[in-house]
Amino acid sequence: MIRCLAIDDEPLALQQLTTYIQKVPFLELAAQCQSALEARKFLEQDSVDAIFCDINMPDLNGMDFVKSLQAPPLIVFTTAYSEYAVEGFKVNAVDYLLKPFGLDDFRRAANRIKERQESVSTNIQHPIPNTQPASLFVKTDYRMVKISIADIRYIEGMSEYLKIYLEGEEKPIITLLSMKKIETRLPENFMRIHRSYIVNLHKILEVNKNRIIMDAETYLPVGDMYKEAFQHYLDTIFLGK
């Protein structure tokens, strides 16, 4: 199931969104919100795979809300104003529904979400540890930089770029590389926990609900597609009843 968040400040439009979500078998309504601020509070405590979001809303519009998310899920914008279409696709939106839209239009957008999600690799198999190098070279700022794998805390995917966060370094290394490619070069103590995050399991400080705490300021979400594998890992090392 694909967990969805519906956001619209107009009650009738929000009701239409929730009704359409409930009519699509592979979608699950996680919550409905009447403002982006309400949605932000929800996402601080929970995670979703997709958001259906109106653009024109008071206080914080949908476009700025999505841009503010550290690791946005799949996005479908809904609005009565066609001029937002280009800007919507600039933030990598899956689709754009122009109001008023019907169930067939909504299903088209839902199918695109499903296709996009299915294209994300769920393979968490890792190569044999003793075949892995102790370090990697990545290109950043026109330089080839050597990175000790043991120093990697976590990796954040941003479209075609990666941010590699290292122990003892304030700023991440940014490199043009895919999540899938770097996954194949990492040992078994690294795990994909979200479509946008890979973590070094040895660097995790705490696990709280669906979030991994790396330090006092870094909270990483665990995506629904990766929960089962991550829970299996926790079960193997958990001491307690």
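Author: Gladly! Start with exposure: buried means under 20% relative accessible area, exposed over 50%, and partly exposed in between (1.4 Å probe, protein chains only). Here Arg108 is partly exposed, with a relative accessible area of 33%, whereas Asp95 is buried at 3%. This is a predicted model, where local features need pLDDT of at least 70, side-chain atom pairs count only at pLDDT 80 or more, and totals for chains, interfaces and linings use all residues. Residues are numbered from 1 along each chain as its sequence is written, and side-chain values use heavy atoms, with hydrogens and water left out.

Reader: Which residue forms a salt bridge with Arg108?

Author: A salt bridge is a side-chain nitrogen of Lys or Arg within 4 Å of a carboxyl oxygen of Asp or Glu. For Arg108 the partner is Asp95, with the closest N and O atoms 3.2 Å apart. Arg108 lies in helix 5 and Asp95 in strand 5, so the pair ties together parts 13 residues apart in sequence. Helices (H or I, at least four residues) and strands (E, at least two) are DSSP runs, numbered from the N terminus.

Reader: Where do Lys99 and Asp8 lie?

Author: Lys99 is in the loop between strand 5 (95-98) and helix 5, and Asp8 in the loop between strand 1 (2-7) and helix 1, so their pair ties together parts 91 residues apart in sequence. Their side chains meet in a salt bridge of 2.8 Å, N to O, and Asp8 is buried at 0% relative accessibility. Lys99 also forms a salt bridge with Asp54, at 3.4 Å between the closest N and O atoms. Asp54 sits in strand 3 (residues 50-54), 45 residues from Lys99, and is buried at 3%.

Reader: How many aromatic pairs does the structure hold?

Author: Rings of Phe, Tyr and Trp (its six-membered ring) pair if their centres lie within 6.5 Å; planes under 30 degrees apart count as stacked, over 60 as edge-to-face and the rest as tilted. The structure holds 6 such pairs. One of them, Tyr20 with Phe106, is tilted: 5.5 Å centre to centre, with 50° between the planes. Tyr20 lies in helix 1 (residues 11-23) and Phe106 in helix 5 (residues 103-118), so this pair ties together parts 86 residues apart in sequence.
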